[in-house]
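Dear colleague,

Please find below the structure that I am handing over to you. My findings follow it.

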Amino acid sequence: MPAEIKITNPAQLGTPLGQYSHLTRVRAQEYLFIAGMVSVDKSGNIIGKNNFDAQVAQTFDNVRTALESAGASWKNIVQFTTYLVDRKLIEGFMAYRRREFPGMFAGAPYPANTLLIIDRLVREEFLIEVQTIAAI
């Protein structure tokens with residue numbers, strides 16, 4: 001039985017502040033917990049050093065690759081946790097989501113997302129990390 005995923009925005013919570021939804025209700029037999037993805041290629045080389053747009057694109061491409069390796073896709077995502085290393089990167093992150101999410105999620109509601117600003121990631125060169133939970 002495929003996962004039943006219902007993504008909503010209860011009126012009592014108002015409109016989300018970005019490209020995400022307030023609530024995801026899931027019935028599934030299996031979940032994927034995808035470790036925080038960063039901007040590296042399959043050999044571990046950093047992609048987009050000092051280039052936030054390139055790092056966001058590669059990070060989400062790595063999420064896509066992880067999903068596909070388990071037979072899942074964007075429609076299976078129930079939650080993102082996103083880490084940025086500088087509050088000045090928020091607008092670029094939001095711009096990426098406004099531009100790319102409509103195609104990635106094919107007009108469906110966007111999954112829940114928690115955005116955190118932290119001091120640094122595992123390596124200084126990384127500007128973004130995205131952890132993902134999916135249901136299949």
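In helix H2, the buried residues are Phe-93, Met-94, Tyr-96, Arg-97, Phe-101 and Met-104. Please keep in mind that this is a predicted model. Among the elements that cover these buried residues of H2 are helix H1 and the strands S4 (77–84), S5 (112–117) and S6 (128–135).

Helix H2 itself runs over residues 90–104 and has 15 residues. From its first C-alpha to its last it reaches 20 Å, close to the expected 21 Å. At Arg-98 the helix bends by about 30°, and Pro-102 follows within four residues. After H2 comes Ala-106, which has a positive phi, near 45°.

Helix H1 covers residues 52–69 and includes Thr-59. Thr-59 has a relative accessible area of 0%, so this residue counts as buried. Its side chain reaches the backbone nitrogen of Ser-39 at 3.5 Å. Apart from neighbours within four places in sequence, Thr-59 is in contact with Met-37, Val-38, Ser-39, Ile-128 and Val-130.

I turn now to charged side chains. Side chains of opposite charge can pair when their charged atoms come close. The whole structure holds 6 salt bridges. One of them joins Glu-91 to Arg-98, with the closest N and O atoms 2.6 Å apart; Arg-98 is partly exposed, at 42% relative accessibility. Another links Glu-100 and Arg-99, at 3.2 Å. Here Glu-100 is partly exposed at 30%, whereas Arg-99 is exposed at 51%. Glu-125 and Arg-123 also meet in a salt bridge, at 3.7 Å from N to O. Finally, salt bridges with shared partners join Asp-61, Arg-64 and Glu-68 into one network.

Yours sincerely

Conventions
Residues are numbered from 1 along each chain as its sequence is written. This is a predicted model: local features need pLDDT of at least 70, side-chain atom pairs count only at pLDDT 80 or more; totals for chains, interfaces and linings use all residues. Side-chain values use heavy atoms; hydrogens and water are left out. Helices (H or I, at least four residues) and strands (E, at least two) are DSSP runs, numbered from the N terminus. Buried means under 20% relative accessible area, exposed over 50%, partly exposed in between (1.4 Å probe, protein chains only). A polar contact is a pair of N or O atoms within 3.5 Å; within protein, one must be able to donate a hydrogen and the other to accept it, and residues adjacent in sequence count only if both atoms are side-chain atoms. Contact means heavy atoms within 4.5 Å. The expected span of a helix is 1.5 Å times one less than its number of residues. The bend at a residue is the angle between axes fitted to the seven residues ending there and the seven starting there. A salt bridge is a side-chain nitrogen of Lys or Arg within 4 Å of a carboxyl oxygen of Asp or Glu.
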